Structures are given as C-alpha cells and as structure tokens.
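Work through these exercises with the structure open beside you. Try each task before you read its solution.

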Amino acid sequence: MKLDAKIPEGELAEKWTKYRGSMNLVAPNNKRRLDVIVVGTGLAGASAAATLGELGYNVKCFTFHDSPRRAHSIAAQGGINAAKNYQNDGDSIYRLFYDTIKGGDYRSREANVHRLAECSTEIIDQAVAQGVPFAREYGGLLANRSFGGVQVSRTFYARGQTGQQLLLGAYSALSRQIAKGQVKMYNRHEMLDLVKIDGKARGIITRNLLTGKLDRHAAHCVVLATGGYGNVFYLSTNAMGSNVSAAWRSVKEGALFANPCYTQIHPTCIPVSGEYQSKLTLMSESLRNDGRVWVPKTIEDAQAIQRGEKRAEDLPEEDRDYYLERRYPAFGNLVPRDVASRAAKVASDEGKGVVKTGLGVYLDFADAIQRYGKSEAFSLGIANPSAEKIKELGEAIVKAKYGNLFQMYEKITGENPYKTAMKIYPAVHYTMGGLWVDYNLQTNVPGLFALGEANFSDHGANRLGASALMQGLADGYFVIPYTIGTFLADEIRTSKIANDTPEFLEAEQRVQNRLDQLMAIKGNQSVESFHRRLGKIMWEYCGMSRNAEGLKKGRQLIRELRKEFYEDVYIPGTTDEFNPELEKAARVADFLELGELFAVDALDRGESCGGHFREESTENGEAKRNDEDYTYVSAWEWDDNNPILHKEELTFENVELKTRSYK
Amino acid sequence: MNLTLKIWRQKNNGSNGHFENYQVEAEEHMSFLEMLDVLNQQLIEKKQDPVAFEHDCREGICGACSMVINGRPHGSQTGTTACQLHMRAFKTGDTITIEPFRANAFPVIKDLAVDRSSFDAIMQAGGYISVNTGQAVDGNAIPVEKADADEAFDSATCIGCGACVAACPNGSAMLFTSAKINHLSKLPQGQVEHSRRVKNMVRVMDKEGFGKCSNVGACEVDCPKEISTDNIAALNRYYLGSVLFGQD
C-alpha cells in the first residue's frame, strides 16, 4: 500500500492558504443534501459537529456519554497554546511550528504542524467570541503564561480548568446547532462498527446503551473524534470510559493505525496507593517550577520511609539526592516530561522510592517556601524574621500560586503538602499515536476522517504541554470544515445512503454476533480484572523503558491474556438492557488487540525518540534517536498473527534535525 | 474498615426500587467510587447484578457521578464530588446510605444512575452565544473587566452534575440555569441575546419538569463547585427585566 500524505505543493507557510484558495467547494444547496456522521463530542468532535452544522451539512453526532459535555477534554488543566504574540516576546507562527516539531522529536509532518500553528490564533478568537472566560489582566486583555520547555509566553488559560471552559464553549456551539435541527444528537449511543460500501465509509452501527438496541446509521462520510487509547494501560489519567473501540473497529475495516507506541507518560501524578486503584490524577506540571524532586541517597533510608518509620523532613540535606538537578544541571527540575518520568523510574527501580509500594519520589516545596518567605519578609521590611514567620509568609505565596493543586492533593492523599513533601510518580497521560491520516485528516479508507487525539498527525513522538487542546480545536473548527470538502465535492451526485443495504445488514449482524459471543462465554473472571492485568503487562513491558526481550514477552503475555479472556470472562445481565459491564467488555476486548499492536510497533522502532525509550538505543544513559533508520511513520494494518507495517517516510525541508540535550 | 452499605436498587424506570444491605471491606485511601468498585467486584464474583452508577473522569470535573450519600448529594464534604470523596472520611462500622439523585426531571435509569438530559434541553434553549466559526474578531478586541471575567468564570465552573436539583426540596434547576445565564451575561459578548436567552432558558427549565425556587439555599451548600445563590438572585432580576422590557 502506497501512503500518500497529500501534502499540497508550495512553500511551507503558503501551503494551507493556497490549498483553501484552490480546493473544490461544495455549494450551499448541495451541503443540504449531504449527511455527515461525527463520533465523539470532545473538543474535536463537538467543534467539528457544530461547525459542519453551521455550514449546512446534515450532521448526526454520537457520544457514549449521557451528554456531550462529559467528554474527557473537560479534564485538561493547564492551557492552550496560540501564536498570538500578545506578549511581544518574539513568538510567531513559525516559532510555534518549530517548537512543536522539535518537541515531537522530529517524528511529525511539517505541513500538518505548520497548519496547526496557523490555526492556533483563530481558536482563541473563536473561544473568546463564544464567551470562554479566559484569564485576563487588569486592563481587560487576555493573560498568558509560559509552559513546559518553550521560551515564550503563549499559553492562554482559564485557571486550572482550561479544558472544561473550552469544551463548554464547543458544547454550547453544538447545543445551538442541535436546537436548530442542523445536528441530530445521539447521547448514550456507542459506535460498535464501521460500515463501508464500495470501499468508502458510509455509516456506523451503534448500540443504544439504555436499551441495548443496535441501529444502522448511514451518511456520506464518517468523522471520528474519539480520543486516545491511554486506558490500554488500565491506570492512566484518562477517564474510566475512554476507549479505542471506534478507532479499532475502523482498523478492523482496513484503516491503518499509526505509531501506537508513542505514549506520553506524565511525571507529576499522584502515586498508586493500592490494588483497588481505578485511575490516576495528574498534578499540573507547573509545580515543577518551584518543587524540587528528590529521593533518599541510601536504600536503608528509603525503606524506613516506605515502612512509615521516617518522613521526608527527618532526612538532612546531605542524605538527599536531588537527582534531576544532579543529572541535568542545565534544566534541573524543568527537564521535559519524558526525561523527568524516566528518571523517577530509575530512582524507584534502584529501591529508593518513598511510598509504600516503592513507586514514588518526592516533590518538595520546603525550599520554595523558605525562599519566598525570606523575600516576602524583606519586601515587607521585617528585620530578622523568625523561622515561623518566614514559613508563614512563604506558605502564603505558595498557596497563591498553587493553592488549588495543593488542595486537590490533600483531598486525594489526606496529607498536607505545605507541611510534608508531596509524593509523585509518572502516569500514562496522552497517546500521540492514532489512526493514520493524510493532510486532509482522511484515513486510508475514503470518507473516513479522524480528528484530535484519535489521529496521529501533529505531535510526533512527544506532545508539548498545552498543545492537545490546540490540536483538537484546530482540527474541528478550522481544518475539517475545509478538508471534508475534498471528499464530499465528488459526492454531490450521490443520493442519500440507504441503511438497509447488505453491507449495513451484515455489519449489524457482525456486531450482534460479537456481543452474543462475549455474553456466551459465561466464565468466572470480571472484565475489570482482565483490564487490570492487561494494564500491568503494558506498564511492565511497554511502559517508560522498553527493550526487545521485554516487548516480545509482553506481546506473548497479551496474546495469552486475550485467549483467556475469550474463555473465562464473565459478563452479568443481557445484551438488550442497560449493561455497563457489557460495554466495558467490548472495549477491553479491543484493548487486548491494540495492546499487542502497541508491543509490535515498539519492537519495530529500535530507536529512542520522545515518549518511546528503547534501552538498546542510548548514549551516556540518555535517549538516542536514529534518524537514518527511523525517520518514518509506522502505519499498521492489523492481522491477528502478523500485523503489516506500511511506512510513510518523513521529509524535513524546513527544519534541521537535532539531538535534544538538557544537560 | 468494615462498612455496611444500604444501597437503592431499582431494575429500571418502570419498576419499584428498594434498599438492600451489603457488607464491604474498604481501605482509607480508596475513593468512594473505588469502594463501590470493590462491592461490584464481589457481586460479579457471586454472579449477582452489580450496582449501576454513573462515573467517568473520577477527578471531579466531568459531572457524571451523581449519588446521594447519607442524605447529601455527593456526600457531606464541602466542594467535593462523590468521586473525590475518600474513605478516610468514614470509620469502620459505619452504615452508609446511597441513593440516586431524586428529582421529577431526573428519572431513574437503574439503581443510582439517572437521566439528566433535561439539562441539555435547557442549554439548547439559549445557553450559548450565537457566533458561527470564523466570525470572531481578534480576542483582544473585546476587553473584559477583570472582575467581570472572574465572576463569569465562577459561574462557568458548573459541571452540570445536578446536585443542586437533588439537594432542592422542590427539585428546582435554578442554580444550574442561573449559573449559565450569569456566566454569559457578565461578558460583553453575551449582551446581544440576553433577554431572549433568559426567557427561553427559564421557559424550557419549567417545561422539563423542574420545581420552583423558594430560596432554600440547599443547592449552594451541596454544589461541588460551590456556585453561589447570587446567581439565582441575578436571574430573578434578569427575568423580570426581560419579561417587562426585553425584546423577543
């Protein structure tokens, strides 16, 4: 299969402008006759459905949630990047483009990323017009802050709830189109299969989660905005319901899945507290601006802490190892996410972890409290302040900066982080891989599009902070409304797609059979227990640090687990009722296949790049990228026994490939 | 810790519900929902029907979780959703009563899961600013007084969980509706459709079967985002203004 990315000709900065000026358009009278299915209502899906509705297409939009507003975009905390250069600090579209390419460790497509940077500025305007309450300065203008590893302040934010506010903006735009009848909304409907007719995506099969009824929905094309697959690890910062099924069902119908092994593991999450743990909570990475990361120098001290006999504050300065500052003096505690995560794993693996399970490190604000306290005392004119006074003043400053995060931490752990060091550990957070798409965001299946985290295209091997919201909204508001026209302009003579053709009936039967098959197993183990075990295999063998032997073993274990699942899973209830266990079972069944592909991809990529770290590819203990052999996108065709690799070579005409160094 | 759970079981909307007692062994660091996971695991192992409850993000922002714990929506901890509640708030030997959100406009689906589509209907009646994609002016062309932006934000933090309705003896949705209206009305962008938005959202709120507000104030107390009843006072003012002087 020859993969054509369909990148427009011309200079990088002019490609998108020229493309829009010369693409085929669909006239308003024809838009009325064309039906579009959008699956998912997060930032990408809601913004796409709303915008396509505004343009006049007949949109049917689907979510498995009870309301579009519950999509997991809602949980994004930090912010959204845009090359507005409101701070006059040297930002530009090119700089945002360059930072994103570099941050992605040179494994993304230049043309897509440049378009993303171009669209970023319009997103802010659109969100403001919708009433999104971004943070503002006293002059009434928009505020910015800086974010992970870039040298400009380009991040717009709404306290620590930027994702929520942007999603509610997109949800309000969607609600308006629903009220107008331009979008027909199907809540609590889960896509369980893709329907192709003559090779083109023409519909989906859904299950009504309240009644269990299967429905056949036909349209001229299908847009998937169904998010990432971090839950293949069971424990992640994703929501409990986040799943890969819509994308995976499309893979089963011939779509290619790109770069599954690129996973972002976020360094500052609250550690696992026990076997019952169901999900992990992220603490914003802004904490690393003031917190110092450390573990005890000796294993004896660490074990005493693990047993609860010692606390962080019992250890004198000389017995602590501030390992990030030691290993990376230039960046210290502010090294990028992947580097910080791996270093925490190394420290914990050496037996120096500071929580009961051994998997956790300190993030300590004691020094910051002292520093802020002293400087505040000085500016208040207090001579010879007491130690208590310094602490009190310092805590007030830290509270003003991170109060809500400290409160969240205390709620979850029951510990007061002003008094004792926080404990953190890395957790799966975002998946850069996803359905392979071309410049039009169209998969290799004509008429099937993928947006947001569900596609692979913009973040390469590592995503920069505050870029997920940007990509989701760029895809939905500003890219798909144009690029969908490249497909639909040729469909204006296609009459309404019937939903009772043999293809539809066959797909519906396929779904019914699959559900019946799952129900008929009647084994002894819960769906959740299989999901947990899959997660453990993934974390052990395909987690922060990977090697060939482990990946082969991991793959084998996943295959065995999948076999056991189909022999011994137990699902209560029936198919024709509200049955959350059945929903979960179908999702976990798909994760059990995707997990294997993940391991296969990680094994194929014998280099270390971004979130993918291969122990065999290092230099002085640091990740070593291999541009000569691996400057390609891995697009996989699924096969139960041997997935087939298709390569899209990446060409860089505008940036020079460099090695990242933080020493 | 050893707990007795007294949980509302109801097969579906058409059947009558009842309380059932369960014993569960929990740990203090578990979240409340993880404690329910443990119970469900036990039930599944015994091939019994697990307790249905809504949940998703488990970090207090999606608004899916919705249960009344010992008589209080999301439990008695201030500013906390059920998913953020941890078992250290309870002690061994406790009996915990768990019920669904009860309100005329939130029919029970099964056990603790209720249907809150009536909130979507209110939003569709005007919880937006009518601006198509591409029509926006530059973000900084619309300056907003910082205090107004902050107040708009306070109202906009609503997660649409419905605790306000469940807490209200009348089953009123005034806090939910007023928070959205006040969010938009505090901003210059929201002025244009203001009176039409107020009238339409209130009309649909009534139509969906929510009760009237009688200034009880339980909504504010149980709101996990601590949204103030000042929003309701503002909506009452807006409503009067819209009915008397507003344009259609």
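**Exercise 1.** Which residues does V165(B) touch, not counting residues up to four places away in sequence?

*Solution.* Keep in mind that this is a predicted model. Step one: select V165(B) and leave out residues up to four places away in sequence. Step two: list its contacts. They are F101(B), A103(B), A105(B), F106(B), G171(B), S172(B), A173(B), F176(B) and F210(B).

**Exercise 2.** Describe how α5 (residues 110–130) and α13 (residues 468–488) of chain A pack.

*Solution.* Angles from 65 to 115 degrees count as roughly perpendicular, so α5(A) is roughly perpendicular to α13(A). Now name the contact residues. α5(A) contributes R115(A), L116(A), C119(A), S120(A), E122(A), I123(A) and Q126(A). α13(A) contributes M470(A), Q471(A), L473(A), A474(A), Y477(A), F478(A) and V479(A). Finally, sort the contact by class: 9 nonpolar, 3 polar and 2 charged residues.

**Exercise 3.** Which residues of α4 (residues 93–103) of chain A are buried?

*Solution.* First pick out the buried residues: L96(A), F97(A), D99(A), T100(A), I101(A) and G103(A). Next, look at their neighbours. The buried residues of α4(A) pack against β3 (80–81) and α5 of chain A. Then move past the helix. D105(A) follows α4(A) and has a positive phi, near 55°.

**Exercise 4.** How is chain B divided into domains?

*Solution.* Domain 1 of chain B covers 2–110, and domain 2 covers 117–245. Their C-alpha centres lie 29 Å apart. Each domain gives 18 residues to the contact between them. On the domain 1 side, sort by class: 8 nonpolar, 8 polar and 2 charged.

**Exercise 5.** How many residues of chain B are in contact with chain A?

*Solution.* Count both sides: 66 residues of chain B meet 61 residues of chain A. Then ask which elements of chain B take part. α1 (32–45), β6 (108–110), α2 (117–124), α3 (146–156) and α5 (174–185) each supply at least two residues. α1(B) gives the most, with 7 residues. Last, divide the chain B side by class: 28 nonpolar, 21 polar and 17 charged.

Terms used
Residues numbered from 1 in each chain as written. Chains lettered and ligands numbered in written order. Predicted model: local features only at pLDDT ≥ 70, side-chain atom pairs only at ≥ 80, totals over all residues. Domains from an automatic or database assignment. Contact = placed C-beta atoms within 7 Å. Nonpolar A, V, L, I, M, F, W, Y, C, P; charged D, E, K, R; others polar. Helix = DSSP H or I, 4+ residues; strand = E, 2+ residues; numbered from the N terminus. Axes fitted to C-alpha atoms, helices over the stretch in contact; angles between N-to-C directions. Parallel < 35°, antiparallel > 145°, perpendicular 65-115°, else oblique. Buried ≥ 20, exposed ≤ 12 C-beta atoms within 10 Å, placed from the backbone.
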